[in-house]
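I opened my notebook to look at two places in this structure. My entries follow.

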Amino acid sequence: MTFYETIMKRRSIRRFKDMPVPYAVLKNCVNAARLAPSAANLQPLEYIVVDEEPLLDIVFDTMKWANYISPSGNPPPGERPRAYIVVLNNSNVRANGFEYDVGLAVGNIILVALEECLGTCCIGSIDRAKLMEILNVPDHYTIALVVALGYPNERPVDEEFSGSIKYWQDECNVLHVPKRKLGDISHRNSFASL
Ligand SMILES: Cc1cc2nc3c(=O)[nH]c(=O)nc-3n(C[C@H](O)[C@H](O)[C@H](O)COP(=O)(O)O)c2cc1C
């Protein structure tokens, strides 16, 4: 499969198989994040890999899932992520404006995970104070984002936007994710012309 085909098929995954994720794969994900573009090459980001019980459950409890369909979008017991990559920003290196770096680093993590047949979900809804304490993160770091990972146990589908951006679950529990049309978001040479 080409990069393009892989990216076309990616969806956020919130139900996972009860299978461990090899640490070597998680290490590759972090290594790919390490080499992502970084503004002024400051490289303010660091990463904590979480892949052991009972920490997985403890970390899970600091996060909120699929807000639009809560609580049915919450990964049920037995289908929860088997690993997390917690993305930290070192504010001694860069105090603000690091979010672009985070996006690019997490993009690399998602792609490497996909190549290994892993599903991912970015989590921004986090009790950050609690997670900082759980993971012993020093005060001059902030938790930017968490990537949840595991082998997918669902197949969400994208569909053409028609009035609402809210994802929804059908009667078979398949998640439908509306995406704006290419023609509605892309412009050529000038904003006005397509
Ligand atoms: C910065 C960011 C934060 C997100 N935070 C959450 C979150 O807290 N909980 C969650 O279930 N999904 C979260 N998501 C996943 C989005 O809901 C998801 O990307 C969106 O619905 C589009 O679906 P898709 O990734 O399948 O294209 C987040 C995504 C991004 C990019």
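**Entry 1: the start of the chain**

I looked up Phe-3 and found it in helix H1, residues 3-9. Helices are DSSP runs of H or I with at least four residues, strands are runs of E with at least two, and both are numbered from the N terminus. I note that this is a predicted model: local features need pLDDT of at least 70, side-chain atom pairs count only at pLDDT 80 or more, and totals for chains, interfaces and linings use all residues. Residues are numbered from 1 along each chain as its sequence is written, and side-chain values use heavy atoms, with hydrogens and water left out.

Is Phe-3 buried or exposed? Phe-3 counts as exposed because its relative accessibility is 62%. (Buried means under 20% relative accessible area, exposed over 50%, partly exposed in between, with a 1.4 Å probe and protein chains only.)

**Entry 2: the ligand**

I counted 16 residues around the ligand. A residue is near a molecule if one of its heavy atoms lies within 4 Å of it. The closest are Arg-11, Ser-12, Arg-14, Ala-66 and Lys-179.

Next I checked polar contacts (pairs of N or O atoms within 3.5 Å). A ligand oxygen is 2.6 Å from a side-chain N or O atom of Ser-12. For the side chain of Arg-14, the distance from a ligand oxygen to an N or O atom is 2.8 Å. At Ala-66, a polar backbone atom is 2.6 Å from a ligand oxygen.

Which strand gives the most to the shell around the ligand? S3 does, with three residues. Strands S3 (119-123) and S7 (175-179) each supply at least two.

Terms used
A polar contact is a pair of N or O atoms within 3.5 Å; within protein, one must be able to donate a hydrogen and the other to accept it, and residues adjacent in sequence count only if both atoms are side-chain atoms.
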